[in-house]
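This report is written for someone meeting the structure for the first time. Please keep the sequence and the 3D view at hand while reading.

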Amino acid sequence: MTWLSKPRTAGSLLPSLVFFVLSGTPAFADNTFANNKGPVTAAAVLDRYVRITGGVSLWHAQKSETDDLEGRALDDDHVVLRATITTTRAGDSVSVVHIPEEATEGVSKGTAWAVSGFSGVRIKRGPERDEAIRESRMLEEGDWHSLYSHAQLAGIENLDGRLCYKVQLSAQTAEWFDADSGLLVRRETSELSPSGAIPVGFTVESWAEHSGLKQPSVMLAWRGDFHYRLSVKTVYNNSTRPTLPPAVADYLAAERAGTALPNAEEIIERHIYVSGGLEAFENLKTQRISGTLTFLSSNTEAHVDSWASDGGRYYQAVDVPGLGLQEEGSDGVVSWERSPVLGPRVKLRADHNGLGVTMDAAQVVAWRQSIREVRTEARERIDGHDCYRVRLMPRGNSPALMRWYDKRTGLLYRTQIALATDMGALPTLMTFEEYRDVAGFKWPTRVRMVVSGQNLLFSVGDLRLNEPIPGTVFDLPVEVKQMAQKKPDDSL
């Protein structure tokens with residue numbers, strides 16, 4: 001799961017590990033283990049764990065297991081995770097998450113899937129599918145000899161005053177077992193996410209017995225930099241089997257019929273990837289764009305200069321023949337605009353829309369934070385491009401956004417939004433007809449717009465990314481600064 005890596009009773013043993021023998025054995029409370037002849041091996045450590053937690057026969061007697069889990073933050077003890085996880089020896093599983101948000105995911109006959117209110121049904125593929133299938137196995141330690149015939153004993157380490165055997169399960173995963181008791185102490189691994197591999201793991205704090213098996217009941221867990229306490233509230237053995245949700249069954253039927261639409265999250269993430277990648281957007285600090293805005297009905301051309309930087313700072317100037325210089329900007333705190341007709345005005349930061357010539361890298365990276373629901377609605381052909389139409393529902397009361405992504409390139413081709421103005425929301429259609437390769441990005445450089453029925457075309461001339469911007473560009477004009485000082489902070 002993206003939130004939780006379920007702590008196994010002895011951890012997930014991954015395949016293709018190199019058998020390794022480490023000599024040197026301390027004293028053990030378990031006499032059978034201590035009296036073994038020859039050097040200690042990973043096999044001996046794992047066999048001992050299976051034996052002292054119930055034995056192979058008892059492990060094999062369990063055909064399914066359902067765990068009710070709860071995670072609490074360490075700082076204020078509030079609930080950060082509540083989930084029910086069902087796994088089976090056959091490899092099918094269902095995880096139902098209630099906190100932090102309602103979602104369900106699982107594995108059914110080798111198909112890994114997820115369902116959420118945020119984006120609907122998604123079928124996992126590639127490494128993510130492989131990881132989900134590994135996580136779906138229950139009590140696999142009892143079968144580790146057949147499932148994982150190799151294991152590497154990496155050393156003996158002191159963890160919090162306890163001498164432990166470190167068993168290296170893969171390049172990413174390691175587990176530590178108490179040399180005295182033989183019980184699992186710690187597990188460290190990594191988990192796939194849209195931003196890459198995230199370190200996850202847990203340290204066992206207490207144990208409980210269920211159906212004769214001794215299993216971890218409270219763990220100090222972590223995911224990246226976030227630490228929380230994970231408790232197993234209840235355990236049910238051989239009581240229930242996971243079933244495939246109807247929405248997933250319907251999607252798989254549509255997929256077999258060739259009518260299924262890809263998940264909207266995957267479409268948006270593909271656009272981010274092909275246009276530069278998540279890491280590149282995280283490191284995008286400055287933009288300098290200049291070009292020509294053409295009013296097609298009158299063939300009038302306006303010159304546009306636009307600067308943007310991290311911290312929410314921007315400045316945009318549009319010099320329109322006959323109307324003069326139209327400006328808007330922000331120093332990261334105060335947003336403003338100024339024109340020859342209306343003069344200067346301080347405005348809400350949320351009012352900023354610009355011409356769409358700049359992209360807020362922070363919003364690209366964390367786009368999910370501003371959206372409460374996203375769905376792929378249809379396939380459509382636009383201007384000769386086969387596109388997926390995606391609807392995004394922002395948080396709050398903002399109207400829905402519509403986007404069309406090119407099926408072949410993965411890039412955003414068209415978007416439909418409502419620009420907030422003093423005259424109300426203006427329906428706006430923007431078509432990204434051309435992209436240019438600049439500094440590792442594919443950047444839109446020819447944007448056709450229809451704003452409240454008026455046809456415009458923006459053509460980028462100079463485009464510079466991650467280059468220094470003069471420090472005075474984002475300074476507030478004197479009259480704007482004076483106006484801002486008269487306004488309460490909550491009105492900005």
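Asp 383 lies in the loop between strand 22 and strand 23 (385–394). In this model, which is a predicted one, the phi of Asp 383 is near 50 degrees, a positive value in a residue that is not a glycine. Asp 383 is also exposed, with a relative accessible area of 52%. Another residue of this kind is Ala 439, which has a positive phi of about 50 degrees although it is not a glycine; the place of Ala 439 is in the loop between strand 26 (424–438) and strand 27 (441–451), and with a relative accessible area of 56% Ala 439 is exposed.

Most residues other than glycine have a negative phi, and most peptide bonds are trans. Pro 100 has its place in the loop between strand 5 (93–99) and strand 6 (103–108).

## The protein as a whole

The protein contains 10 helices and 28 strands, and of its 492 residues 47% are buried. When contacts between residues at least 6 apart in sequence are considered, 49% of them join residues at least 24 apart. The accessible surface of the protein comes to about 23600 Å², and carbon and sulfur atoms account for 51% of that surface.

How many disulfides does the count come to? The count of disulfides comes to zero. Among the cysteines, Cys 164 is buried, with a relative accessible area of 0%, and Cys 387 likewise counts as buried, at 2% relative accessibility.

## Helix 6 and its two sides

Helix 6 (residues 246–257) has 12 residues and reaches 16 Å from its first C-alpha to its last, which is close to the 16 Å expected at 1.5 Å a residue. Val 248, Tyr 251, Leu 252 and Ala 254 are buried in helix 6. An α-helix has 3.6 residues a turn, so residues three or four places apart point the same way.

What covers the buried residues of helix 6 includes strand 7 (111–116) and strand 8 (120–123). On the other side of helix 6, Pro 246, Asp 250, Arg 256 and Ala 257 are exposed. Just after helix 6 comes Gly 258, which takes a positive phi of about 80 degrees.

Side chains of opposite charge can pair when their charged atoms come close. The structure holds 31 salt bridges, and one of them involves helix 6, where the side chain of Glu 255 meets that of Arg 125 at 2.4 Å, N to O. This pair links distant parts of the chain, 130 residues apart, with Arg 125 in the loop between strand 8 and helix 4 (126–136) and Glu 255 in helix 6. Both partners are partly exposed, Arg 125 with a relative accessible area of 48% and Glu 255 with one of 31%.

Arg 368 forms a salt bridge with Glu 269, and the closest N and O atoms of this pair are 2.9 Å apart. Because Arg 368 lies in the loop between helix 9 (361–365) and strand 22 (371–382), while Glu 269 lies in helix 7 (residues 264–274), the pair ties together parts that are 99 residues apart in sequence. Arg 368 is partly exposed, with a relative accessible area of 25%, whereas Glu 269 is buried, with a relative accessible area of 19%. In a further salt bridge, the side chains of Asp 305 and Arg 288 meet at 3.3 Å, N to O. Asp 305 lies in strand 17 (residues 300–309) and Arg 288 in strand 16 (residues 286–295), so that this pair ties together parts 17 residues apart in sequence. Asp 305 is buried, with a relative accessible area of 17%. Salt bridges that share partners also join Glu 70, Arg 72, Asp 77, Arg 82 and Lys 233 into one network.

Ser 217 is found in strand 14 (residues 213–223) and, at 10% relative accessibility, counts as buried. Leaving aside residues up to four places away in sequence, Ser 217 touches Ser 206, Trp 207, Ala 208, Leu 230, Ser 231 and Val 232.

Methods:
Residues numbered from 1 in each chain as written. Predicted model: local features only at pLDDT ≥ 70, side-chain atom pairs only at ≥ 80, totals over all residues. Heavy atoms only, no water. Disulfide = S-S within 2.5 Å. Buried < 20%, exposed > 50% of the residue type's maximum accessible area, 1.4 Å probe, protein only. Helix = DSSP H or I, 4+ residues; strand = E, 2+ residues; numbered from the N terminus. Expected span 1.5 Å × (residues − 1). Contact = heavy atoms within 4.5 Å. Areas by Shrake-Rupley, 256 points an atom, 1.4 Å probe, with all protein chains shown as cover. Salt bridge = Lys/Arg side-chain N within 4 Å of Asp/Glu carboxyl O.
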